[in-house]
Amino acid sequence: MGKFLVVVLVFAAVTYLVTRALQERGPGQRPSLPRPKPKRPSTPPRPAAPDDDEEFLRDLDRKRLNPPDES
């Protein structure tokens, strides 16, 4: 009776592991191929605010150092 119980437990464990692997893989997919990861569109980084923009800051410095003549 003890050997029978061990065989049933091993069979149950193997069945559980195989079932979990099939559920994670999904229907219609081959087991040897990994799932492709979804690709995010590549957008160029942009400043989040005007004070993060180097060109904006350079322009402010330029205007501060060389104010326009008010004639």
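I began by noting the scale for exposure: a residue is buried under 20% relative accessible area, exposed over 50%, and partly exposed in between. I also noted that the model I am reading is predicted.

**Entry: the whole chain**
I looked up the overall make-up and found two helices and zero strands in the protein chain. Of its 71 residues, buried ones make up 1%. The accessible surface comes to about 7,600 Å², and carbon and sulfur atoms account for 62% of that.

**Entry: helix α1**
Next I checked Val6, which sits in helix α1 (residues 2-25).

**Entry: salt bridges**
How many salt bridges are there? I counted three.

I started with Arg64 and Asp61, whose side chains meet at 3.5 Å, N to O. The two are three residues apart in helix α2, so about one helical turn separates them. Arg64 has 59% relative accessibility, so I marked Arg64 as exposed. Asp61 has 38%, which falls between the 20% and 50% limits, so I marked Asp61 as partly exposed.

Which residues do shared partners join into one network? I found Asp59, Arg62 and Lys63. Asp59 bridges to Arg62, with the closest N and O atoms 3.4 Å apart. Asp59 also pairs with Lys63, again with 3.4 Å between the closest N and O atoms. Along helix α2 (residues 54-65), Asp59 and Arg62 are three residues apart, while Lys63 and Asp59 are four apart, about one turn of the helix.

Methods: Residues are numbered from 1 along each chain as its sequence is written. This is a predicted model: local features need pLDDT of at least 70, side-chain atom pairs count only at pLDDT 80 or more; totals for chains, interfaces and linings use all residues. Side-chain values use heavy atoms; hydrogens and water are left out. Buried means under 20% relative accessible area, exposed over 50%, partly exposed in between (1.4 Å probe, protein chains only). Accessible areas come from the Shrake-Rupley method with a 1.4 Å probe; for residues, only the protein chains shown count as cover. A salt bridge is a side-chain nitrogen of Lys or Arg within 4 Å of a carboxyl oxygen of Asp or Glu.
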